[in-house]
Amino acid sequence: MSDIRKILIANRGEIALRIIRTCHEMGINTVAVYSTMDRDALHVRFADEAVCIGPPASADSYLRPDRIIAAAEVTGADAIHPGYGFLSENAEFSQICADNDIEFIGPKPETMRLMSKKDVAKETMAEAGVPIVEGSDGTISDIDEARSLAADIGFPVMIKAASGGGGTGMRLVWEEEEFDNKFKGARSEADAAFDDPEVYIEKFVENPRHVEIQLLGDGKGNVMHFGERECSIQRRHQKLVEEAPSPIMDEELRQEMGEAAVRGAEAVNYEGAGTIEFLVGADRNFYFMEMNTRIQVEHPVTEEVTDCDLVEYQIRVSMGETVERTSAEMEGHAIECRINAENPFKNFSPAPGEITAFHQPGGHGVRVDTAAYAGYMIPPTYDSMIAKLITYGKTRDHAIRKMRRALDEFIIEGVDTTIPFHQQLMDDERFQNGNFDTRFLDDFEMEPAPAAA
């Protein structure tokens, strides 16, 4: 088993801090990289070394493989952890690391390339026996052929960008009359966002739940799963709340979905932490949606219910450790609320600025993953997330009550936040009963903001 002595974290914010903490607990030295805007950030302060890699724009700093590799070489780092976002799912970056004899903590480039093309990923999963939604065989560019196929499948259908994610290049088509415009719109948006206009078509699953399985593979044919996460509370395909286990899950369905996800990961000889996302219909049938080849924002809820450190697992696998083909036991219930610098009373409009006061909640079963502090500037340049608030309880109701209490204790002044949304959500009867799907927020109306004193 190879040894990793120093890891460069090619990221910023709470995930950079999160990785630094595990590295230090494992006796591994760390290197932070930062843009000039982040020179006072906590990940810079708590890493053993830090290297400035450029100006604030991500394209000139956190998305520059050459500058990150140079920082690793200058500091003698023998591995790079990409976190999530930025270069975490960039196969070329993974390849560049390999070419420079630097361990990339994540899957091999060929696996990332395979899973980044959604049509190819779908075909691969189907061959592995993972259920998929009825749709086109690969991408489709001829509009007449596409319209005919959609009619054969039956409306509504989804048009999805082959290289897409986060809802970009995606269109829901309810009737044939609107198909042509949405097909052209999806291709145009995909081309602009991903430099790839290719799209494919799927049957739309009505009232779906978004449920994903956390996986860990060792690249030697062994894959373990850590149960599921429920991620159906979304705004414009961006997750706001995640929890584990899913309220709709029973042991039989968990076993079926877990085995399917493991088969899919084994089919690509997966190495590292990853997630297979499923849509679960009202009839409890489930279908492959996509595979995320990285650690995810919502990984703490899985850590809380399985009592594990997924980042430590990632590093140990990169050192050559094998995993067992088994599943982790889940105990209790965990919920994560993403606290973003957004105004939920104004359609979640961004609210960058300086945090003038910051007090985070605590107590038993409360975890806060954040890099914010009083005086911290939320820049418009990067993601708006301020913190992840995670609560753990013996039951789902227990975790909700802890979350409600923790949200009340969380003080963030100077910028608008999504805390009022989460407070109202925790009081919502449908949420409390677990009665929701991915379109929940379409019908959710915020109570007016309290008048200023």
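This is a predicted model: local features need pLDDT of at least 70, side-chain atom pairs count only at pLDDT 80 or more; totals for chains, interfaces and linings use all residues.
Entry 1: Five of them form an open sheet, and I read their order as β3-β2-β1-β4-β5, with parallel pairing. I then looked for the edges: they are β3 and β5 (103–104), each of which pairs on one side only. Strands of a sheet pair through backbone hydrogen bonds, either parallel or antiparallel. Next I checked β1 against β4 and found three bridges joining these parallel strands. Here Ile 7 stands opposite Ala 79 in β4.

**Entry 2: the helix on the sheet.** I turned to α3, which packs on the sheet and touches β1, β2, β3 and β4. The direction of α3 makes about 150° with that of β3.

Which residues of α3 are buried? I found Ile 68, Ile 69, Ala 71, Ala 72 and Thr 75. They cover an arc of only 155° around the axis, so they sit on the same side of α3. I also looked up what covers these buried residues, and the cover includes β1 (6–9), β2 (29–35), β3, β4 and α4.

**Entry 3: rings around Tyr 62.** I searched the whole structure for aromatic pairs and got 15. Tyr 62 lies in the loop between β3 (49–54) and α3 (65–75), while Phe 86 lies in the loop between β4 (79–81) and α4 (91–99), so the pair ties together parts that are 24 residues apart in sequence.

Are these two residues buried or partly exposed? Tyr 62 counts as buried, at 1% relative accessibility, whereas Phe 86 is partly exposed, with a relative accessible area of 28%.

Tyr 62 has another ring partner to write down, Tyr 382. Their centres are 5.7 Å apart and their planes are at 80°, so this pair is edge-to-face. The pair links distant parts of the chain, 320 residues apart, with Tyr 382 in the loop between β20 (377–378) and β21 (385–393). Both Tyr 62 and Tyr 382 are buried.

**Entry 4: a cluster of Phe rings.** My last stop was a cluster in which ring pairs link Phe 348, Phe 421, Phe 431, Phe 436, Phe 440 and Phe 444. Which charged residue sits over the ring of Phe 436? I found the charged end of Arg 209 there, 4.2 Å from the ring centre. Over the face of Phe 431 I found Arg 396, at 4.7 Å from the ring centre.

Methods
Residues are numbered from 1 along each chain as its sequence is written. Side-chain values use heavy atoms; hydrogens and water are left out. Rings of Phe, Tyr and Trp (its six-membered ring) pair if their centres lie within 6.5 Å; planes under 30 degrees apart count as stacked, over 60 as edge-to-face and the rest as tilted. Helices (H or I, at least four residues) and strands (E, at least two) are DSSP runs, numbered from the N terminus. Buried means under 20% relative accessible area, exposed over 50%, partly exposed in between (1.4 Å probe, protein chains only). A charge sits over a ring if NZ of Lys or CZ of Arg is within 6 Å of the ring centre and within 35 degrees of the ring normal. The arc is that of the directions from the helix axis to the C-beta atoms. Contact means heavy atoms within 4.5 Å. Two strands pair if DSSP finds at least two bridges between them. Axes are lines fitted to C-alpha atoms, for helices over the stretch in contact, and angles run from 0 to 180 degrees between N-to-C directions.
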